[in-house]
Amino acid sequence: MRHAAASVMLALAIFVVSAVWLQFARGDLDWVRDTLSLYLHGAYGLWLRVAYCVLAVAIVVLGWALHARMQGRARRGLPPVLFSAAGLGLTGVAVGDSWLHVHAPLLAPLVHALSAQTAFLCASVGLLLQAWCFGQDARWRSLYRVAWPWAWLVFAALWLHVLWRASPRGLGQKVVIALVVGWLMWVAAALWRRSRGDNA
């Protein structure tokens with residue numbers, strides 16, 4: 001379990017470094033106006049697509065690793081399923097944007113929209129449910145006090161981004177992504193610390 005947590009943290013770090021680096025490397029895009037998905041095309045697009053897939057794997061692994069550590073009523077099957085669906089959605093965005101817009105340009109926008117919406121919605125709801133599970137397990141209850149409001153912040157930020165169409169689209173999306181990845185990194189670090197204690 002310790003290795004799984006460490007792998008998740010490494011994968012999340014790879015995604016963060018890649019996404020931040022591209023904000024400076026792609027001078028043709030405006031980091032405030034342009035969403036991260038626009039960076040999937042053009043220079044270094046392949047690099048970001050790989051980073052998306054790495055992030056997808058990290059979300060799935062973390063979801064099931066947490067499920068394995070929960071006990072009693074806290075061990076619910078829905079959070080890891082939602083995390084898996086979010087990972088699948090992310091993979092759909094990355095793979096679909098790699099070739100679909102060239103070979104099936106009319107289908108590409110639909111696949112991208114459905115995949116991205118699946119990723120965001122399933123991840124945000126998964127965070128809420130997983131945070132609730134922390135509150136039901138005495139061994140993880142200390143995380144609940146931070147994980148629960150943080151998950152609600154993610155949920156609110158996502159819907160603000162969706163409903164406030166006049167907002168800076170790129171900045172709004174990146175704030176939501178940063179909140180999600182930050183939550184995942186914080187929880188993965190907690191899992192790593194607990195696993196290290198178990199192995200001591």
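**Exercise 1.** Is F134 buried or exposed?

*Solution.* Keep in mind that we're working with a predicted model. Start with the cut-off: buried means under 20% relative accessible area. F134 comes out at 0% relative accessibility, so it counts as buried.

**Exercise 2.** Take the rings of F134 and W183 and work out which kind of pair they make.

*Solution.* First, the distance: the ring centres of F134 and W183 are 6.3 Å apart, and the pairing limit is 6.5 Å. Next, the angle: their planes sit at 20°, and planes under 30 degrees apart count as stacked. So F134 and W183 are a stacked pair. Now place them: F134 is in helix α4 (residues 108–135) and W183 is in helix α6 (residues 169–199), so the pair ties together parts 49 residues apart in sequence. W183 is also buried, at 0% relative accessibility.

**Exercise 3.** Look for other aromatic contacts: which residues do ring pairs link into a cluster?

*Solution.* The count of aromatic pairs comes to 9. Follow the ring pairs and you get a cluster of Y144, W148, W152, F155 and W159. For a charge over a ring, check W140: the charged end of R194 sits over its ring, 4.7 Å from the centre.

**Exercise 4.** How many disulfides does a search of the whole structure find?

*Solution.* The search turns up 0 disulfides. C133 is in no disulfide either, with the sulfur of C122 the nearest at 16 Å.

Key
Residues numbered from 1 in each chain as written. Predicted model: local features only at pLDDT ≥ 70, side-chain atom pairs only at ≥ 80, totals over all residues. Heavy atoms only, no water. Disulfide = S-S within 2.5 Å. Phe/Tyr/Trp six-rings, centres within 6.5 Å; stacked < 30°, edge-to-face > 60°. Helix = DSSP H or I, 4+ residues; strand = E, 2+ residues; numbered from the N terminus. Buried < 20%, exposed > 50% of the residue type's maximum accessible area, 1.4 Å probe, protein only. Lys NZ or Arg CZ within 6 Å of the ring centre and 35° of its normal.
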